Amino acid sequence: CGALSGAPAVLLLRTRDLFSLPFPLARPVLTSLSLQASLRGWRFLLLPHAFPAAPRTTPKSLRTGDKLHRALMSEFGVKLEIFPDGRRRWHGCAKTTPRCFGTIRAQTPEYLLSGRWTPPCCLQALRVTARHVLAELDSAGVRYWLEGGSLLGAVRSGDIIPWDYDVDLGFYLEDGPKCRWLASVMTTGEPLEDPEGFFWEKAAEGEFFRVHFSRVNRLHVDLWPFYVRDGGVMTKDTWLGHRQDVEFPESLLVPLGSVGFVGVQAKAPRDPRAFLELKFGRGALENPEYPNPAVRRLQDDLGANKSPR
C-alpha cells in the first residue's frame, strides 16, 4: 500500500482489526491507517529496507497523491499537520473561508459535543484577531481589559482556553470614540472592514461590538462597553445571562495591570484572581470547566485518562 519516504510498504494486520476501523480502505491507505491506528494506540513496525526501491514517480502521480492526501485530511477533520522538520500545513479555515463550527448553542460549540476542543486553525485565527484588536485599542489609548474566560486563559497559561470559541474584552464606553474603527461603528451603526481585512460591527444581540477575523470567517473578539454607575460599580447595558456576566466594583479594575496573552501583553484588572473569583467563584483558576457543565463537563472527557482530540 502507499509509499513511505518513497518506498513501498507492506502491512500485516488481522482482517477483523482492519475492518473494525471507521475508514479501513480510505486512501492514501498508509496515511489513513496510521492516523486511525494512533487513536487506538496501535503501533506500526516499519521495515523500509526490506523492500525494493519505489517505482519512479511522475508529476501527475505526485499531484494525485497530494489531492488524495488533502481529501483524507478533510474527511478525518485534521486541521494541521506538523512535519518532522517543523514545517506546518493547514487544512482548516482561513480568512477566505467560514470558521470550522456553526452557531453556538447553550454556550456549547458543536466540537465539544463530539469530544473535541477548538480546532487549531480556529484558535490561531482567534489569536491573530485578538492581537490585532489589542494593538488597535492600545495605539488609540482606549482603556480596556481582558474579560471572562479570556482572562482565565491568560492567567492560567497566557493563551486562549483550548476549548474557547471567542475572546472577550471590556472597555470604558467613553473611550470608544478614540478608536477610529470602533468610533465609526458606534456613530453610524454600520459594519466596516479595516485595511487588514478584519470586520468590525455592532452585535445583533445587544449593546456591544464584535471584531471578526474577516467578513467571511466569523471567529471574533467581543468588545463590551462598561461605564461607572453610582457607588463606583462597573455596569453595562446588555446582559446575556452567563454566570460571569455581573457588575463589579471599579476598584477591582483600576489601576489596570497587564498579563501575557496570545504572545503579547494585554491590559487586565489590577487583581486578576479577585476579579475572576468574583465572576466565577472561588477556585476558578485551579478548577477548569466548560462554559455550560449542564450540557457537557470537562471531567467527562478527561475521566477516561484521555484528552479530547
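Contact here means heavy atoms within 4.5 Å. The model is predicted, so that local features need pLDDT of at least 70 and side-chain atom pairs count only at pLDDT 80 or more, whereas totals for chains, interfaces and linings use all residues. Residues are numbered from 1 along each chain as its sequence is written, and side-chain values use heavy atoms, with hydrogens and water left out.

Leaving aside neighbours within four places in sequence, Leu-169 is in contact with residues including Val-133, Leu-137, Trp-145, Val-221 and Trp-224. Leu-169 is also among the residues with the most contacts inside the largest nonpolar core, together with Trp-200, Leu-223 and Phe-261; such a core is a set of buried Ala, Val, Leu, Ile, Met, Phe, Trp, Tyr and Cys residues joined through side-chain atoms within 4.5 Å, and buried means under 20% relative accessible area with a 1.4 Å probe, protein chains only. The core has 61 residues, and its largest share, nine residues, comes from helix α5.

Helices are DSSP runs of H or I with at least four residues, numbered from the N terminus.

| Helix | Residues |
|---|---|
| α2 | 29-40 |
| α5 | 120-140 |
| α9 | 298-302 |

In α2, the residues Leu-30, Ser-32, Leu-33, Gln-36 and Ala-37 are buried. Seen down the axis of α2, these buried residues fall within an arc of 155 degrees, taken from the directions from the axis to the C-beta atoms, so they line one face of the helix. Gly-41, which follows α2, has a positive phi near 80 degrees.

Asp-301, in α9, counts as buried because its relative accessibility is 5%.

Terms used. Helices (H or I, at least four residues) and strands (E, at least two) are DSSP runs, numbered from the N terminus. The expected span of a helix is 1.5 Å times one less than its number of residues. Buried means under 20% relative accessible area, exposed over 50%, partly exposed in between (1.4 Å probe, protein chains only).
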